[in-house]
Amino acid sequence: MAGDPQFRLHQSDGAEPPRVSASGDIDLHNVEALQRLILDADSPALVVDLSAVTYCDSATLGVLLAAAKTTRLTLVVPAGGTTHRLITLNGLDRVANVLAR
(Lines give C-alpha, C1' and ligand atoms only; values in the text may rest on other atoms or scores of the structure.)
Protein backbone atom coordinates (compact mmCIF):
# COMPACT_ATOMS: atom_id res chain seq x y z
CA MET A 1 0.00 0.00 0.00
CA ALA A 2 1.18 3.50 -0.70
CA GLY A 3 0.28 7.14 -0.39
CA ASP A 4 -1.86 9.28 1.87
CA PRO A 5 -3.88 7.25 4.43
CA GLN A 6 -7.01 8.68 2.80
CA PHE A 7 -6.02 6.93 -0.45
CA ARG A 8 -4.58 3.42 -0.66
CA LEU A 9 -3.38 1.28 -3.53
CA HIS A 10 -3.88 -2.47 -3.10
CA GLN A 11 -1.73 -4.20 -5.72
CA SER A 12 -3.11 -7.11 -7.70
CA ASP A 13 -2.33 -10.70 -6.89
CA GLY A 14 -2.71 -11.51 -10.57
CA ALA A 15 -6.29 -12.79 -10.42
CA GLU A 16 -7.91 -9.43 -9.61
CA PRO A 17 -7.11 -5.94 -10.88
CA PRO A 18 -5.40 -3.48 -8.53
CA ARG A 19 -7.75 -1.52 -6.28
CA VAL A 20 -7.50 2.06 -5.11
CA SER A 21 -9.61 2.84 -2.06
CA ALA A 22 -10.57 6.35 -1.00
CA SER A 23 -12.30 7.81 2.02
CA GLY A 24 -13.50 11.18 3.26
CA ASP A 25 -13.70 14.25 1.04
CA ILE A 26 -11.97 14.39 -2.34
CA ASP A 27 -11.60 17.83 -3.88
CA LEU A 28 -9.13 20.08 -5.68
CA HIS A 29 -6.85 20.14 -2.64
CA ASN A 30 -6.17 16.40 -2.49
CA VAL A 31 -7.25 14.89 -5.81
CA GLU A 32 -3.63 14.76 -7.01
CA ALA A 33 -2.88 12.07 -4.41
CA LEU A 34 -5.72 9.97 -5.83
CA GLN A 35 -4.51 10.58 -9.37
CA ARG A 36 -0.97 9.56 -8.44
CA LEU A 37 -2.17 6.20 -7.07
CA ILE A 38 -4.31 5.56 -10.14
CA LEU A 39 -1.28 6.17 -12.34
CA ASP A 40 0.94 4.05 -10.05
CA ALA A 41 -1.44 1.09 -10.49
CA ASP A 42 -0.27 0.92 -14.14
CA SER A 43 -2.77 -1.75 -15.12
CA PRO A 44 -5.17 -2.42 -18.01
CA ALA A 45 -7.96 -2.78 -15.41
CA LEU A 46 -8.49 -0.93 -12.15
CA VAL A 47 -11.08 -0.83 -9.36
CA VAL A 48 -11.57 2.48 -7.53
CA ASP A 49 -13.54 2.01 -4.33
CA LEU A 50 -15.37 5.22 -3.45
CA SER A 51 -17.75 3.60 -0.97
CA ALA A 52 -16.24 5.53 1.98
CA VAL A 53 -16.12 8.90 0.15
CA THR A 54 -18.28 11.57 1.78
CA TYR A 55 -17.80 14.28 -0.86
CA CYS A 56 -16.24 14.61 -4.31
CA ASP A 57 -16.18 17.44 -6.81
CA SER A 58 -15.58 17.97 -10.51
CA ALA A 59 -11.80 17.60 -10.07
CA THR A 60 -12.42 14.03 -8.88
CA LEU A 61 -14.65 13.31 -11.86
CA GLY A 62 -11.94 14.62 -14.18
CA VAL A 63 -9.35 12.25 -12.71
CA LEU A 64 -11.75 9.30 -12.97
CA LEU A 65 -12.71 10.18 -16.55
CA ALA A 66 -9.03 10.37 -17.54
CA ALA A 67 -8.46 6.96 -15.96
CA ALA A 68 -11.42 5.50 -17.85
CA LYS A 69 -9.79 6.57 -21.12
CA THR A 70 -6.69 4.45 -20.46
CA THR A 71 -7.91 1.50 -18.37
CA ARG A 72 -10.95 -0.68 -17.86
CA LEU A 73 -12.27 1.19 -14.85
CA THR A 74 -14.69 -0.11 -12.23
CA LEU A 75 -16.05 2.27 -9.61
CA VAL A 76 -17.55 1.02 -6.35
CA VAL A 77 -19.98 3.55 -4.87
CA PRO A 78 -22.73 3.56 -2.23
CA ALA A 79 -26.09 2.91 -3.90
CA GLY A 80 -28.20 6.06 -4.12
CA GLY A 81 -25.56 8.20 -2.44
CA THR A 82 -24.32 11.58 -3.55
CA THR A 83 -21.24 10.12 -5.25
CA HIS A 84 -23.39 7.68 -7.21
CA ARG A 85 -25.73 10.47 -8.35
CA LEU A 86 -22.82 12.72 -9.37
CA ILE A 87 -21.22 9.94 -11.43
CA THR A 88 -24.53 9.17 -13.14
CA LEU A 89 -25.43 12.81 -13.83
CA ASN A 90 -22.04 13.45 -15.41
CA GLY A 91 -22.12 10.33 -17.58
CA LEU A 92 -19.10 8.64 -16.03
CA ASP A 93 -21.22 5.50 -15.79
CA ARG A 94 -21.15 5.36 -19.61
CA VAL A 95 -17.35 4.96 -19.73
CA ALA A 96 -16.75 3.02 -16.50
CA ASN A 97 -18.41 0.07 -14.85
CA VAL A 98 -20.23 1.37 -11.75
CA LEU A 99 -21.06 -1.03 -8.93
CA ALA A 100 -23.56 0.54 -6.55
CA ARG A 101 -23.62 -1.24 -3.20
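Let's start with helix α1 (residues 31–41), which lies across β1, β2 (19–26) and β3 (45–56) and runs at about 5 degrees to β1. Keep in mind that this model is predicted.

- Five strands make up an open sheet, and their order is β1-β2-β3-β4-β5.
- The pairing in this sheet is mixed.
- At the edges sit β1 (7–10) and β5 (97–100), each of which pairs on one side only.
- Going from one strand to the next, the twist averages 20 degrees.
- As background, strands of a sheet pair through backbone hydrogen bonds, and they can do that in a parallel or an antiparallel way.

**Zooming in on β4 and β5**
- Strand β4 covers residues 72–77 and pairs with β5 in the parallel sense, over four bridges.

- Helix α3 (residues 82–89) lies across β3, β4 and β5.
- Its direction is at about 120 degrees to β3.

**The largest pocket**
- The largest pocket holds about 210 Å³ of space.
- Its lining includes Gln 35, Ile 38 and Leu 39, along with Val 63, Ala 66 and Ala 67.
- Asp 42, Ser 43 and Leu 46 are also among the lining residues.
- Helices α1 and α2 (58–70) each supply at least two residues of that lining.
- Sorted by type, the lining residues come out as seven nonpolar, four polar and one charged.

Notes:
Residues numbered from 1 in each chain as written. Predicted model: local features only at pLDDT ≥ 70, side-chain atom pairs only at ≥ 80, totals over all residues. Heavy atoms only, no water. Pairing = 2+ DSSP bridges. Axes fitted to C-alpha atoms, helices over the stretch in contact; angles between N-to-C directions. Contact = heavy atoms within 4.5 Å. 1 Å grid on protein atoms, 1.4 Å probe; cavity = no way out; pocket = protein on both sides within 12 Å on 5 of 7 lines; lining within 4 Å. Points joined across faces, edges and corners; volume = space filled by probe spheres on them. Nonpolar A, V, L, I, M, F, W, Y, C, P; charged D, E, K, R; others polar.
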